[in-house]
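Me: I want to learn how to read a model like this one. Can you take me through it, feature by feature?

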Amino acid sequence: MSDAYLQFRAVSKAFPGVQALDNIHMDVQEGSVHALVGENGAGKSTLLKVLSGAHRPSSGHLRVGGKERVFSSTAEAITAGIAVIYQELHLAPKLSVAENLFLGHLPNRWGVVDRGRLATLARQQLAQVGEEIDPSLRVEQLPIAQRQMVEIAKALTRGAKIIAFDEPTSSLSNREAQKLFGIIRQLRSSGHVIIYVSHRLEEIFQIADAVTVFRDGRVVEHFPATKGLSSDVLINRMVGRDIADIYAYAPRAHGPVALQVKGVMGKGLREPASFTVAQGEIVGFFGLVGAGRTELMKLVYGAQRPVRGEISVRGTRLRVRSPKDAINSGLVLCPEDRKDEGIFPVLSVMENINISSRRGGFFGGFWINEHREQVRASGHVKRMAIKTPGLSQKIMNLSGGNQQKTILARWLDENMKVILLDEPTRGIDVGAKQEIYSIIYGLAKQNVAVIVVSSDLPEVLGISDRIIVMREGRIVQSIDRAEATEERILALALPDAESHEGML
Amino acid sequence: MTTTNTTTSQKTIPAASRTTLPSLLGSVWDRMGMLLILIVLFVMVSALVPNFLTRVNLLGLALALTTVGAIACTMLFCLAAGDFDLSAGAVVAMSGMLAAVVINATGSVLLGVAAGILAGGVVGLINGVVIAYMGINALITTLATMQMVQGMAFLVNDGKSVGIREGRFFALGTSSFLGVVTPIWIMLACFVIFGLLLNRTTFGRNTLAIGGNKEAAHLAGIAVARTKVTIFAMQGMIAGLAGIVLSSRMTTGQPNTDTSLVLQVISACVLGGVSLAGGVGTITGMITGVLIMGIVQNVMNLLNIQTFYQYVVSGAILLTAVMLDRLQQIRRKMQNR
């Protein structure tokens, strides 16, 4: 085999507290479709971002067509002939298809756009991807599948040699997906380099020539051909790891039902959701990105208004219209996106701990008791071993794990009955993870009902008494700890081939 | 197992407690920068500009700041919550006119003052409801209400100013206590009250939290919309009060808006380290900003610099302040990475 057109050489990428990519070596051949598979957070997306210039690798480099490259901006990557087509498309919805195709280099005469030539060129480009789209339509007027074709045509317009797809079929119907595969095969035969990221394993067998399996930021195995390969083997490689027992799980007795959710329906769900959690029980919610777990939690918490459904805490039906109501009833949430929804970055650690203890009344407990807040904050910082130079330190200067502990501390003095933890350990290191697990166990021992939403399968298996699997906006099944295996849960979470209806 | 544990936590420590010299200097600048500039400026002009450091001039300087100073207090809350208010200048004109007309009609100073403050509060309430509950951009909303309120200020007396006939009303603008005139005392009272409100009350801390991260504030159980409405209503009432004090000083209600007033207020806040992105702001910083603006203007007056140049200078100061704010935001982002 000749030298691969695209080579990753010792590429690593570290974020504070996490090694997102660890010494990646990977070769991608010309005229082939190379699939990347792995669980959420395995490193596929980070790798695409290194390829597209959105992230600069901490170390290592790429070789593109024999030249050593490290991209420090997306513009550099585009010039080098790289296009990444993301799940959310990057088109200007209000502009025409033709304008989108040639954005940044519109055909012009002394700065005046040459409409006629633009239309002709656009039609030629669209024909390359076999689409008969009127180039004068605005992008927002097109269905998703056609927008994707426009995105591909745009990549070709820019002379892209390497085209990477990130979950391209997640919002396509089966027929549309087949059409996309047609285009991809065509691109392959014209000598393009195709990278294909998907959770849908059947697709990989349909379209890919080679598969690389990622886990925990590393390449675990490379299969140069997909012949003879089965889903089982791939799933096994995706999950199989030396399971060090960082979870230190011990069974607990459960009390009566603490949280009952009955027929809750709202944005992000496709079917009304019902489930219960007992006092002292830890229930893990597993699903792929977009399965509707976060949305369900926000509905239960009142951050999104449910269309219908009932929520009861310890037998009392809640009237949840805002998070404040939920908190007052002893139901709290630690949000998924720590940076965007959890912390107040420019405020101090002390402020971040105390912020919601002052709710209630028109102005809350209007006058602040500085002393009490200081005692409370320093108590939590000490007990939870939050590493910070001081209480007045801005929380944004802390590591992810310490930020997460600070957000947890916010709720610990509440009369808490139910806690919803959405991705509580995402992006934090092993040590901090263990500390968070022990806080979770401690809460459960005090009869708090705990829900842990996580995309980290071993974690879900490691700490949950019971696991509820969600897929594409619905609850699929609830499995007791004793019966749960990684293979079984992942098989439930992966979408069926038939269910390519697309999310609402 | 234990080995992975220790290596990973070692990796995270430097990120948490990194104190290099530049970042240390940076944080000193964050806290003290403008105060240092104020002190240097004050010493310089005291030494160089004749008649600056006199009791009469300094009291005159303070009096000239009263309108900007009072409104800056509530503007600080608007900015800290991540919004701002352009309508305050028009409210000043409208409330002054309204007070003048009501006082002339009823002969009651109290009624006139109440009418001016209340009218300002209503404008603020409308701003707040539209911005917080309907999610409409603060710039557009307050630009629109500014225009409407300006129109109303003209409508009150057909565009003409109103001479106030009730002499007792002038006490508000001209009486003095301990040798300092009442408007200055009112401004100082605003500094103290809003300083305490920002630092010592849940309302103040929630304001900063909303500006710092609106979504997180909502999820932490803070009533975001209600807090914002309260802030805008407060802002309207203080602008109303400022308008009344101004008309008392002038002994007339003036329907014309001083268009540069709001810009001066926002410049003062931003100079004082209040972030336009929200979440950051202190009363002492804001006061520093107000004083810098005031001294620069006072000095230009003392040096007989033409008003037209003064516009250029005020604008340049605002631009500088905004650029400083931007630089700090960029620095914060870098730290955050």
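Reply: Start with one residue. Asp216(A) has a relative accessibility of 44%, so it counts as partly exposed. Keep in mind that this is a predicted model. We will come back to this aspartate.

Me: Which loop holds Asp216(A)?

Reply: Asp216(A) sits in the loop between S11 and S12 of chain A. Those strands form a hairpin, with two residues between them.

Me: How do strands S11 and S12 of chain A run, parallel or antiparallel?

Reply: They run antiparallel. S11 covers residues 210-215 and S12 covers residues 218-223. Five bridges join them.

Me: What is phi at Ala248(A)?

Reply: Near 45°. That is again a positive value in a residue other than glycine. Ala248(A) lies in the loop between helix H8 (231-239) and strand S13 (257-265) of chain A.

Me: Is Ala248(A) buried or exposed?

Reply: The cut-off for exposed is over 50% relative accessible area. Ala248(A) reaches 52%, so it counts as exposed.

Me: Now zoom out. How many helices and strands are in chain A?

Reply: Chain A has 17 helices and 22 strands. Its radius of gyration is 25 Å, close to the 23 Å that the globule rule gives for 504 residues, so chain A is as compact as a globular protein of that length. For the outline, picture a box of roughly 70 × 55 × 45 Å along the principal axes, filled by the C-alpha atoms.

Me: What share of the residues of chain A count as buried?

Reply: Buried means under 20% relative accessible area. In chain A, 56% of the 504 residues qualify. Look at the surface too. Chain A exposes about 20,700 Å², and carbon and sulfur atoms supply 49% of that area.

Me: How far apart in sequence are the residues that contacts join in chain A?

Reply: Take the contacts between residues at least 6 apart in sequence. Of these, 67% join residues at least 24 apart.

Me: Last one. How many positive and negative side chains does chain A have?

Reply: Count 62 positive and 55 negative.

Conventions. Residues are numbered from 1 along each chain as its sequence is written. Chains are lettered from A and ligands numbered from 1 in the order in which they are written. This is a predicted model: local features need pLDDT of at least 70, side-chain atom pairs count only at pLDDT 80 or more; totals for chains, interfaces and linings use all residues. Side-chain values use heavy atoms; hydrogens and water are left out. Helices (H or I, at least four residues) and strands (E, at least two) are DSSP runs, numbered from the N terminus. The radius of gyration is taken over C-alpha atoms; the globule rule is 2.2 Å times the number of residues to the power 0.38. Buried means under 20% relative accessible area, exposed over 50%, partly exposed in between (1.4 Å probe, protein chains only). Contact means heavy atoms within 4.5 Å. Accessible areas come from the Shrake-Rupley method with a 1.4 Å probe; for residues, only the protein chains shown count as cover. Lys and Arg count as positive and Asp and Glu as negative; His and the chain ends are not counted. The place of a charge is taken as NZ of Lys, CZ of Arg, CG of Asp or CD of Glu. Two strands pair if DSSP finds at least two bridges between them.
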